[in-house]
Amino acid sequence: MSGWLCIAGLGPGDPNLVTPEVTLTLEAATDVVGYIPYVARIAPRAGLRLHPSDNRVELDRARAAIDMAAQGRRVVVVSSGDPGVFAMASAVFEALENRPEWQALDIRVLPGITAMLAAAASAGAPLGHDFCAINLSDNLKPAALIEARVRAAAGADFAMAFYNPRSASRPHTFGRVLDILRDTCGPDRLISFARAVSTPEEKLRTVTLAEATPEMADMRTVVIVGNSATRRVGRFVYTPRSAL
Ligand code: SAH
C-alpha cells in the first residue's frame, strides 16, 4: 500500500471533541508523530508506532514524518486543537518547500476544534463579531511585532484571542500586552481567561481589564478580550452580531 501523511488536530482535550475523520485516520495509521503530550493522547495498539518528540524540533519532526510517508508508511502528525493554528501544518509545508520530490505525496490536513472556539463556547459567544487570533510567543517573531499587532487589533475594535499568553521564559510579555490593552480599550473591557478548556481541570474566569493580572494566564490558558460592545448576560459573555 502506498504511504500517506495527514496532519491532524486532536481538539482542545475532550475525546468527544476529536472529529470522526481524525479518529478514522488514526485507526488506519502505522505511525503517529508529534509533541510528547499530544502523542500521549493516542491509545497504543499493535501495529502503531508512536514517535513523541520535544516541541522545539518542529521542522525536524515534519521532515521525519514526510520521509516515513515517502517510504510507504501511513503517518499522522498530531497537533492539539487545529493543526493549522500555531501548529504543525505550516511546518510540514515549510519542509516541503525545498523538496520538490516530496510534493506529489498524498498529504492532507484534517481540521480540529481550536482552543479559542472551545473557550468561546464555554464563555458564551465572545467571538460573535469580527475577531482575530494572536500568538503571544516570541519564539518565532520579535516582541515588537506582537505589541504592534495587539495595538492595531485593539485600535480597530476587534475581539481578540491570545494563544501562548505567558511562559516562564518570558514572564513580562503578557504584562505589557495588558498595559497596551488598558491604554487602548479602557479599564472596563471584559477579558476571559480559559484554562484547560474541555478537560477535567477546565477553569473559566471573566474580569475587567482593570482587574486582570498577568498571573491569571499560563501556557494552558487561552485569553479572550471582547470588543467595545462585549457584555455579560447572566453567567455568560457575548458580543452582539451587529456593530450598527
Ligand atoms: N493548535 C492549537 C494551538 C497550539 S498553541 C489549537 O488550535 O488550539 C498552544 C496554546 O493553545 C496554549 O498556550 C493555549 O493558549 C492554547 N490552548 C491549547 N489547548 C487549550 C485548552 N484546552 N484550553 C485553553 N487553551 C488551550
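**View 1. Aromatic pairs in the predicted model.** The structure holds 3 aromatic pairs, a pair being Phe, Tyr or Trp rings (for Trp, the six-membered ring) with centres within 6.5 Å; planes under 30 degrees apart count as stacked, over 60 as edge-to-face and the rest as tilted. This is a predicted model, where local features need pLDDT of at least 70 and side-chain atom pairs count only at pLDDT 80 or more, while totals for chains, interfaces and linings use all residues. Residues are numbered from 1 along each chain as its sequence is written, and side-chain values use heavy atoms, with hydrogens and water left out.

**View 2. Phe 86 meets Tyr 163.** Their ring centres are 5.1 Å apart and the planes stand at 65 degrees, so this pair is edge-to-face. Phe 86 is partly exposed, at 40% relative accessible area, whereas Tyr 163 is buried at 9% (buried is under 20%, exposed over 50%, partly exposed in between; 1.4 Å probe, protein chains only).

**View 3. Arg 99 over Trp 102.** Look for the charged end of Arg 99 over the Trp 102 ring, 3.8 Å from the ring centre (the criterion: NZ of Lys or CZ of Arg within 6 Å of the ring centre and within 35 degrees of the ring normal).
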